[in-house]
Structure formats: structure tokens, C-alpha cells
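Dear colleague,

I am passing on the structure below, together with notes on what was found in it. Please read the notes with the structure open beside them.

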Amino acid sequence: MIRVQQADFDPGLELEQLRKRCAGRAGAVASFTGLVRDRNDGTTVSRLTLEHYPGMTEKVLDDIAAHAMTRWELVDAVIIHRVGPLAPNDRIVFVAAACAHRNNAFRACEYMIDVLKTEAPFWKQEETPHGRRWVEAGES
Amino acid sequence: MVQLRYFASLREALGIGEEQLALPDNITTVAQLSAWLQTRGTDWQQALGDPRLHTAINQAVVRPDARIHDGDEIAWFPPVTGG
């Protein structure tokens, strides 16, 4: 299950819904939540705006989740990413994996967030005391 | 006609997010289209000439020698920074 949305999400609720969908088939659920930091590259960040490529974003996230499902024999996978204006400490991204055993759940989460960061078409723009700037790849 | 899209810092540098245009007959690849667009001026040459840019055709990332066809959606964007 993947979602791209402006609104905040509730990790507890997402994990509970994931648990219910597993219906006894999973022995482990692992998750990762990414937050907006108040500093980046030595500068204070007061606001972050996420731009994306509607349509392609969903395709890429679907592919990442589907690949993780197959490679780690998951029962279910979740990827949620927010877009639009965000403030420090806001939740920005969430991934979760449910499967028979914990090792694969951890690995699947790490895979999903790592690949998302290099392939999903999102771009961060920061507001700093020196003005707005686009985040360069590799520093986020 | 093809649909062209530009994102993030590229969109800002070009001052345009998307446009439609009729593809000239002699343009068959992404690299040729980019080179042709770069003749629009210095801004276009600098922005689209950035070797770090990625290109997607119909929302799938492609290499510069990928062929384009009438009706395609072609997008250029800088390296992604989500997550």
C-alpha cells in the first residue's frame, strides 16, 4: 500500500491497520518514520517544501513496495510520503514491512527507504536565514 | 505533439513547468530534443545542459539515447531528494 499526500499521517494507526491486514500471517512488523530536521548542511531550516512528479511518484513507490514484497517474502508493505509545505519535526515519510520473521522486516524497511531516496521523484526546497534553496542530492 | 515537463530547480531556472509542442521530424531521441531546446537561449542551454539531470519518458527514467514518439510525456528533473 502506497500513498502520497499533503496531510499528516498517524504511524500508530498505520501499524495497527497493517497488523490487521496480516491476519495472523506475519510474525514481525518493522517500520521507519522520517522527520523534518531543523538544520541541514550547517544552516537553520525553518520550513521545507516537497515537490513531486504526480503519477510517476506513485508508479515508483508501487514498484519499490512490490519489489520488497517479492525479495523479502513480505505479507504486506506500506510506503507513505508527504508533499507540500512542512515544518521542522513534522513527519515526512513512513515505511513499514510485515513478514514471517524480523530479519526480513528490518531489511525490507531499509531497502524501501534507501531506494525511495534515490529513485522516487521528490525534491526538497528549504527556507533558511539566507533564503530558499533546493536541497542537493546526497545531503538529505 | 509531445508534452514536456520540468521539475524543481530546473522548473525555476526555465520559468516554465510544462508545455506542449510539435516534434520536429529530425528529432528522434531525448538527447536530440534536449539539444534542440537548448537553442532557445542561454538560460535553456545552462539549465538543460546540466549533466546531472535525469530524463523520463511516460514517467519511466530513460537514457539520453531513448527514442521519443508522438504523444509521449517527456520530463527532465534534477537528482531526487525525497525521504
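Predicted model: local features only at pLDDT ≥ 70, side-chain atom pairs only at ≥ 80, totals over all residues.

The buried residues in question are A:P11, A:E14, A:L18 and A:C22, and, seen down the axis of α1(A), they fall within an arc of 80°, so they line one face of the helix.

The helix itself runs over residues 11-22 of chain A, and because its twelve residues at 1.5 Å a residue should span 16 Å, the separation of 16 Å between its end C-alpha atoms agrees with expectation. At the start of α1(A), the backbone nitrogen of A:G12 has a side-chain oxygen of A:D10 within 2.9 Å, while just after the helix A:A23 adopts a positive phi of about 50°.

Elsewhere in chain A there is an open sheet of four strands, paired in the antiparallel sense and ordered β7-β5-β9-β10. Strands β7 (84-86) and β10 (131-134) of chain A stand at its edges, and each has a single partner strand, so one side of each is left without a neighbour in the sheet. From one strand to the next, the twist averages 25°. Within this sheet, β5 (residues 47-52) and β9 (residues 122-128) of chain A form an antiparallel pair over six bridges, and A:E51 stands opposite A:W123 in β9(A).

Note on methods:
Residues numbered from 1 in each chain as written. Chains lettered and ligands numbered in written order. Heavy atoms only, no water. Pairing = 2+ DSSP bridges. Helix = DSSP H or I, 4+ residues; strand = E, 2+ residues; numbered from the N terminus. Axes fitted to C-alpha atoms, helices over the stretch in contact; angles between N-to-C directions. Expected span 1.5 Å × (residues − 1). Buried < 20%, exposed > 50% of the residue type's maximum accessible area, 1.4 Å probe, protein only. Arc of directions from axis to C-beta. Polar contact = N/O pair within 3.5 Å; in protein donor to acceptor, adjacent residues only side chain to side chain.
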